[in-house]
Amino acid sequence: MTRVVPFSPVRDHFRILVADLASGRSRVERLPGRDEVAGGSGLAALLFGRYGRVDQPWDHPDQPLIFAVGPLTGLFPLMSKTVAAFRSPYHDQYSETHAGGRSALCLAFTGYDALVITGRAPHLSCLCVGSQRVEQRDVRWMAGWDALTAGKHLRKMFPGSGHRSILRIGLAGEKGSAMACINVDTYRHFGRMGGGGVMGHKNLKAVVLLGDGVFEAPGGKEYAKLFQHVHSRLTDTDMMRKYHDLGTAGNVAALNELKSLPWRNLQQTTDPDVGGISGETFAEKNLLRNMACAGCPVGCIHIGYVRQKFHEDHRYFYRQVSYDYELIFALGSMLGVTDAAQSLLIMDRVEKTGLDAMSAGVALAWAVEALEKGLVSQEQTLLPLRFGDADGFEQALDLLAGRVNEFWSALAMGVPVAVERYGGGDFACVLGQEMAGYATGEVFFTSQSMGFRHAHLDAGGYAWDQKHEEKDVDAALDFLVTDERKRVLLCCMVSCLFARGIYNDELISDCLDCVGYSTLAGKVDEVGHHVQSLRWATRFATGYDPARVSIPKRFTEVVTWKGPLDVEYLRALQKEYARRISAMAAAGAEFVPAAEEQGE
């Protein structure tokens, strides 16, 4: 039996595993920079500067796929996320996406701060990483398997329930889709910007993190006392209760009331039939249980169930499907589906295909309207797509994931690619990528369209819209830039962003100091600013120009609780935000290696 030697997770350097799929070899590297970038998002940007190629496209074999965790992973509650970073097939620029599940703790318990995957495997493969083991296994027989079936078989191949995380792709990833996600432990995802397509291009069906190492827990009463303080704030107060009870699904009815919930490709922002897909309806009729990511006491993952008949003598399948606000918006209201059970079946099909739910739902909504307006024909869509037709959308997801013809292949690379070929840009609901479900107004539309990873969680623009009726460009952008900096610091730790109301700079500093990162603890604000600039500079180095971002006409037609959208205010926000982003990128440019320096 192999003896597992305890190790300390606290170190002044980064311990990086670099795995080359082409050769099947791996190596461990020590990298300085802990006190400059902390970990997570900062470490990912640092590693892309070292291993990435700014002079080559996303599908060049040398481009890395990076998974990184933070200095507090496994040491405090809700430090439970992993950052995945890569050059995106969506826009061919540097990007990142985050996921929870068991991925963060399992990577940390292998003894690494990050896993860097380079090269392209000669055939479909699975990479297994443990504290004393790196193995690349041939899984050509899994070609075409859906993400859920692949997960079942991978669990048998690599035993270790509870101490193992399985990252895998479905058909969409194998086909190189720009909206393919990476499924993590069945119910979590690296969702946005096409990380699944990167894995597919690398012939990488799955990554298994064994999490078979042993931490040496920090000693002393100070750590125990601080841990209990954080845990109590998360569980003994109401600050996190909303995430456990209805969860984010509670936003459905609230945003519909505010005239901010996208319906039928954003042709409406409210609908009287919202009750059929409200969070309350899901909880009363379809909620089976709650789950939590490893290291989280909150339990925000809501698992719904739906019964589906499969035999004439009334035998049924019972499907368990995770749901939240984003999925209900994208695969419910955006598609005109107003029945919770039908929406869950669409979600189930999304999970199997390995598509990002938001991008897939918004893409299908665009396709319906393109078909209605005659820009594409049923001969091209292969289906009579209609709003509200849940069965049709289930079938369409298979076509989208499989890239079965020219139309579906183009759409799989993002709505902008389909627009370039077929038209329909005026009603494309794209804000950097297919929109998130917050039609709250000008500040959010600016924030998502121009934000670093085009995510609703880059900054709280949706919250600003809901709380402010005044149209003060400087005040709104001061908020976006400052809020982004705070979230960047959390993403360096890497904390669940639901805990942002608890983990302020002071508490993060206390946590770092308590476990031995005293120098880093004294400069968290500096680190936040540095990584914010470093990430932007890295994005710019791969071709980003915020001044070229455009917001489609459909968004200018939105009417919210405040009335019609103010186009002049929107354009002023865009112009000034582009200037501020460019200034941040310029501040970080000196830390991004030139093309000829990368890989040295």
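Biologist: How many of the residues of strand 4 are buried?

Modeller: Keep in mind that this is a predicted model. In it, six of the six residues of strand 4 (residues 82-87) are buried, so the strand is mostly covered.

Biologist: And which residues point which way from strand 4?

Modeller: Thr82, Ala84 and Phe86 go one way, while Val83, Ala85 and Arg87 go the other, and all are buried.

Biologist: What does strand 4 pair with?

Modeller: Strand 3 (residues 65-68) pairs with strand 4 in the antiparallel sense over three bridges, with Ile66 opposite Ala85. Strand 5 (residues 94-99) is also antiparallel to strand 4, joined by six bridges, and there Ala84 stands opposite Thr97.

Biologist: Which residue takes a positive phi in the hairpin of strand 4 and strand 5?

Modeller: Asp92, with a phi near 60°; the hairpin has six residues between the strands.

Biologist: Switching topic. In what order do the six strands of the open sheet come?

Modeller: The order is 8-7-12-9-10-11, with mixed pairing. Strand 8 (133-138) and strand 11 (188-190) stand at the edges with a single partner strand each, so one side of each has no neighbour in the sheet. On average, neighbouring strands are turned by 20° against each other, ignoring direction.

Biologist: How do strand 10 and strand 11 run, parallel or antiparallel?

Modeller: Antiparallel, with three bridges joining strand 10 (residues 182-184) to strand 11. Asn183 has His189 as its bridge partner in strand 11.

Biologist: Which strands does helix 4 touch when it packs on the sheet?

Modeller: Helix 4 (residues 147-157) touches strand 7 (125-130), strand 8, strand 9 (165-168), strand 10 and strand 12 (204-209), and its direction makes about 140° with that of strand 9. Its buried residues are Ala147, Leu148, Ala150, Gly151, Leu154 and Met157. Helix 12 is included in what covers them.

Biologist: What reaches the backbone nitrogen of Leu148 at the start of helix 4?

Modeller: A side-chain oxygen of Asp146, to within 2.9 Å. At the start of helix 12, a side-chain oxygen of Asp339 comes to within 3.1 Å of the backbone nitrogen of Ala341.

Biologist: Why is helix 12 described as largely enclosed?

Modeller: Because ten of its 14 residues are buried; among them are Leu344, Ile346, Met347 and Asp348. Just after it, Gly354 has a positive phi of about 80°.

Biologist: OK, the core. Which residues have the most contacts inside the largest nonpolar core?

Modeller: Phe67, Leu115, Trp366, Leu411 and Phe445, in a core of 113 residues. Helix 13 (residues 357-372) gives the most to this core, with twelve residues. There's also a second, separate core of 84 residues, including Val18, Ala114, Tyr187 and Ala537.

Biologist: What does Leu115 contact, leaving aside neighbours within four places in sequence?

Modeller: Its contacts include Leu17, Leu65, Ile66, Phe67, Val129 and Leu209.

Biologist: Last one: is Pro9 buried or exposed?

Modeller: Pro9 comes out at 10% relative accessibility, so it counts as buried. Pro9 lies in the segment before strand 1 (14-20). Beyond residues up to four places away in sequence, Pro9 touches Leu75, Phe215, Glu216 and Tyr517.

Terms used: Residues are numbered from 1 along each chain as its sequence is written. This is a predicted model: local features need pLDDT of at least 70, side-chain atom pairs count only at pLDDT 80 or more; totals for chains, interfaces and linings use all residues. Side-chain values use heavy atoms; hydrogens and water are left out. Buried means under 20% relative accessible area, exposed over 50%, partly exposed in between (1.4 Å probe, protein chains only). Helices (H or I, at least four residues) and strands (E, at least two) are DSSP runs, numbered from the N terminus. A polar contact is a pair of N or O atoms within 3.5 Å; within protein, one must be able to donate a hydrogen and the other to accept it, and residues adjacent in sequence count only if both atoms are side-chain atoms. A nonpolar core is a set of buried Ala, Val, Leu, Ile, Met, Phe, Trp, Tyr and Cys residues joined through side-chain atoms within 4.5 Å. Contact means heavy atoms within 4.5 Å. Two strands pair if DSSP finds at least two bridges between them. Axes are lines fitted to C-alpha atoms, for helices over the stretch in contact, and angles run from 0 to 180 degrees between N-to-C directions.
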